[in-house]
Amino acid sequence: MIRDSLASAVRDALVALAVDPLPERIDLERPGRREHGDWSTNVALATAKRAGRNPRELASELVEHLNVNRPSHVERVEIAGPGFVNFHLAPTWLHDVLTDVVTSGVDGYARSDEGAGRTVNVEFVSANPTGPVHAGHARGAAYGDSVARLLERCGYAVTREFYINDRGVQMQNFGASLAARKRGEEPPEDGYHGQYISDWAAEMPDDADPVAWGEDRALQDQREALAAFGVNFDVWYRELSLVDSGAIEETLAELRSKGYVFESDGATWLRSTDFGDDKDRVLVKSDGELTYLTPDIAYHRDKFSRAERLINVWGADHHGYVPRMKAAMAALGHDSGELEVTIVQLVELLKDGQPVRISKRSGNLIELRDIIDEVGADAARLTYLLQSVDSRQTVDLAVVASAGMDNPVYYVQMAHARIHGIARRAVEAGFERVALDQCDLSLLTHERELEVLRSLSELPDTVRSACADRAPHRVTT
RNA sequence: GCCCUCGUAGCUCAGUCGGAUAGAGCGUCCGCCUCCUAAGCGGAAGGCCACAGGUUCGAUUCCUGUCGGGGGCACCA
C-alpha cells in the first residue's frame, strides 16, 4: 500500500531525472533509527554506478524532485549518509494501517496469496511407533506445525504428514518387550525398558499380536499427545503400506531403469555419488534385506506424486542422511530444492537447573505429555519457537512455568490480560464501542500508539519472510 | 581425519538481498504505587559481532583459513 505508492513515486522521479538503466526493483525499507524517517530507499546507491551517476548527487536530485511531487502522507524527504533517501510521514499513514487491520480482520490481515495454491507437504515428528512422543520430538513438532501454518497463511495448500517406521527390527524388539512384560518377564536386552511398556502390556488382550497391537497403541498415544500440543496431522503414512502397495519394488525398478543401480559384493547399490553424495549407498543388503534407505526413497517418491514441494523436519542427528536422500530424489529426476530438509538442533532440557538425560533404552524419558502438564501447551510451543532452530536451545522447565518477567510467555499472557482489563474498564465506565469509520483517528498521535501501529504495519512483511525462510521465530520475536 | 552447524552485551538470543551510530528480553544500577493489573512503568550503563586474511564504495552478513561448542560419518534404524 504505502510502500507501493512510495515506490512508484521514486520510479517516477528516476524517470524524470533520466536515470538509465532504471532499476528492476525499488526497495523500500523501514530504517532502524527513528530519525531516519518512516521509510527509506537505497535506490540511489544501488543504481548510481550502472547509470554512471554520483550516488550522493543522484540522491539529492531525487530528494528535490520528491519534495516537490510529494506522495500522500509524506511530510518531507531527506538525504542522509552516503545517499539514502528517507521519507518522513505524517501519522495518517499509520491510521490507514489501522483501518486496513480492522477491515481485514484476524483472518485476513497479514495474509498473502503468493503460494497461489501450490502444494507443499510438511513431514515432521515421525517418531518411531514404539513409545510415546517425548521431549526430543517437541521442538520439531512446534516448528513443523508453525511452518505449516505460515505456509497456509501465505496461500499454499499444505499437508501435514507423519511417517510411521513400522517395518524392521525395532518393531520386533518393541513387540517382544510387550510380550515379555505380559508374561511377567524382563524385556530382552536390546528391547524397550520404559514403564509405559509394562502399562501397555497390562492393557494388551491375550490373543493380540504384540507388534500390531503395540503399534496401534503407540500411535493412539502419539496422536493424543500431539493433539494436546495443538498439532494435528492430515496424513499418517505407514512404511508397511509401501510394502503392500509394491511401491518399493517400483522404486527400485525405476532407479534401475535409469541406470543408477549396480550390484557389488552381493548387495544392490545406488550410485548416489553421481548426485553429490560422498559414497554410494546400499539399497538391498547381501542377505536380501532392505536397508532403511530404500523404503524411505519409495516414501519420498510417493510424496512427490502428491505434492510439488516437500519439506522434511529432521533432528540434528539425521543431518548426515540429507545428501543421500537428496541424491536419491535427483536420481528420480527431481530438481534439488524441491526437497527441503530443515535440521532442528537439539534441545537441552533443564529441570531444577540440572540437564535431563534422555535414554530411550532405559526408558528414562520426559514425555511431551509431561511437558504439557507442567507448563501448558501454549507456553511450551511459544518457548520452542522463540529461537531459530539452527542453534541449540536450552529450555529450563522451571522458567517456562514461572510467573515472572524472565519468562516471555508470561509477558505475553500479562499483556493479553491487561488489554482485556482496559476493555472491561471501558464498559464499566459506560463507553460504547463504535465502528472504526465513526472514530476520529486523528486523535491517535501518542508515540506509544504509533509504535503499536508501526508494529502492525510490519506484520505482513514479517509473516512473508518468516514463511519464505521457514523461520517462525521471526513472528515470535 | 572428512562433512554439517553454531560462535554477537553479564545471561538467553534476534539481526531479511552486503548498507547509516549492531538490536531485544532478562539481569544490574537509578527513579516511580492517591483510579486503566506494582503480576507494573520510565531511564541508564553495558560490544574487538571468536580470531586472521580476502572480495568492494561499504562486511556481523559473502569467500578462505585457524580456534572453540554441538552433531554426523554402517550391507543400524
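At what angle do helix H13 (residues 368-375) and helix H14 (residues 377-385) pack? In this predicted model, the angle is about 110°, and the axes of the two helices lie 7 Å apart.

Another pair of helices can be described in the same terms. The axes of helix H10 (residues 247-257) and helix H11 (residues 293-304) cross at roughly 90° and come within 9 Å. That angle makes H10 roughly perpendicular to H11. From H10, the residues Ala247, Ile248, Glu250, Thr251, Leu252, Glu254 and Leu255 take part, and they meet Thr294, Pro295, Ile297, Ala298 and Arg301 in H11. The make-up of the contact between H10 and H11 is 7 nonpolar, 2 polar and 3 charged residues.

The secondary structure of chain A comes to 18 helices and 14 strands. Its C-alpha trace spans about 85 × 65 × 40 Å along the principal axes. Of the 477 residues in chain A, 44% are buried. Among contacts in chain A with a separation of 6 or more, 67% are between residues 24 or more positions apart.

The buried part of the chain comes next. In soluble globular proteins, nonpolar side chains tend to be buried together. The largest nonpolar core of this model holds 86 residues, and those touching the most other members are Phe87, Leu151, Leu226, Phe229, Leu349, Ile371 and Tyr384. Helix H5 (residues 135-153) supplies the largest share of this core, with 9 residues. A second, separate core has 31 residues, including Val261, Leu290, Ala307 and Met329.

Leaving aside residues up to four places away in sequence, Phe87 touches Leu6, Val10, Leu28, Gly37, Asp38, Trp39, Thr41, Leu66, Val74, Arg76 and Val77.

Charged side chains also form pairs in this model. Side chains of opposite charge can pair when their charged atoms come close. A search of the whole structure finds 33 salt bridges. In one of them, Glu254 pairs with Lys258, and the closest N and O atoms are 3.9 Å apart. Glu254 is partly exposed, with a relative accessible area of 21%, and Lys258 is partly exposed as well, at 39%. Glu254 is also among the H10 residues that meet H11.

Arg256 and Glu263 form another salt bridge, with an N to O distance of 3.7 Å. Here Arg256 is partly exposed, with a relative accessible area of 43%, whereas Glu263 counts as exposed at 52%, because the exposed class begins over 50%. A further salt bridge joins Asp274 to Arg271, whose closest N and O atoms are 3.8 Å apart. Asp274 counts as partly exposed at 45% relative accessibility, and Arg271 counts as partly exposed at 28%. Salt bridges can also link up: Asp145, Arg149, Glu152, Arg160 and Arg381 are connected in a network.

Finally, the backbone has some details to notice. Most residues other than glycine have a negative phi, and most peptide bonds are trans. His73 is not a glycine, yet its phi is positive, at about 75°. This residue is found in the loop between helix H3 (55-68) and strand E2 (74-80). With a relative accessible area of 21%, His73 is partly exposed. Ala110 is a residue other than glycine with a positive phi, near 60°, and is located in the loop between helix H4 (92-108) and strand E4 (119-123). Ala110 counts as buried, at 9% relative accessibility, because the buried class covers values under 20%.

Terms used: Residues numbered from 1 in each chain as written. Chains lettered and ligands numbered in written order. Predicted model: local features only at pLDDT ≥ 70, side-chain atom pairs only at ≥ 80, totals over all residues. Heavy atoms only, no water. Core = buried A, V, L, I, M, F, W, Y, C linked by side-chain atoms within 4.5 Å. Buried < 20%, exposed > 50% of the residue type's maximum accessible area, 1.4 Å probe, protein only. Helix = DSSP H or I, 4+ residues; strand = E, 2+ residues; numbered from the N terminus. Contact = heavy atoms within 4.5 Å. Axes fitted to C-alpha atoms, helices over the stretch in contact; angles between N-to-C directions. Salt bridge = Lys/Arg side-chain N within 4 Å of Asp/Glu carboxyl O. Parallel < 35°, antiparallel > 145°, perpendicular 65-115°, else oblique. Nonpolar A, V, L, I, M, F, W, Y, C, P; charged D, E, K, R; others polar.
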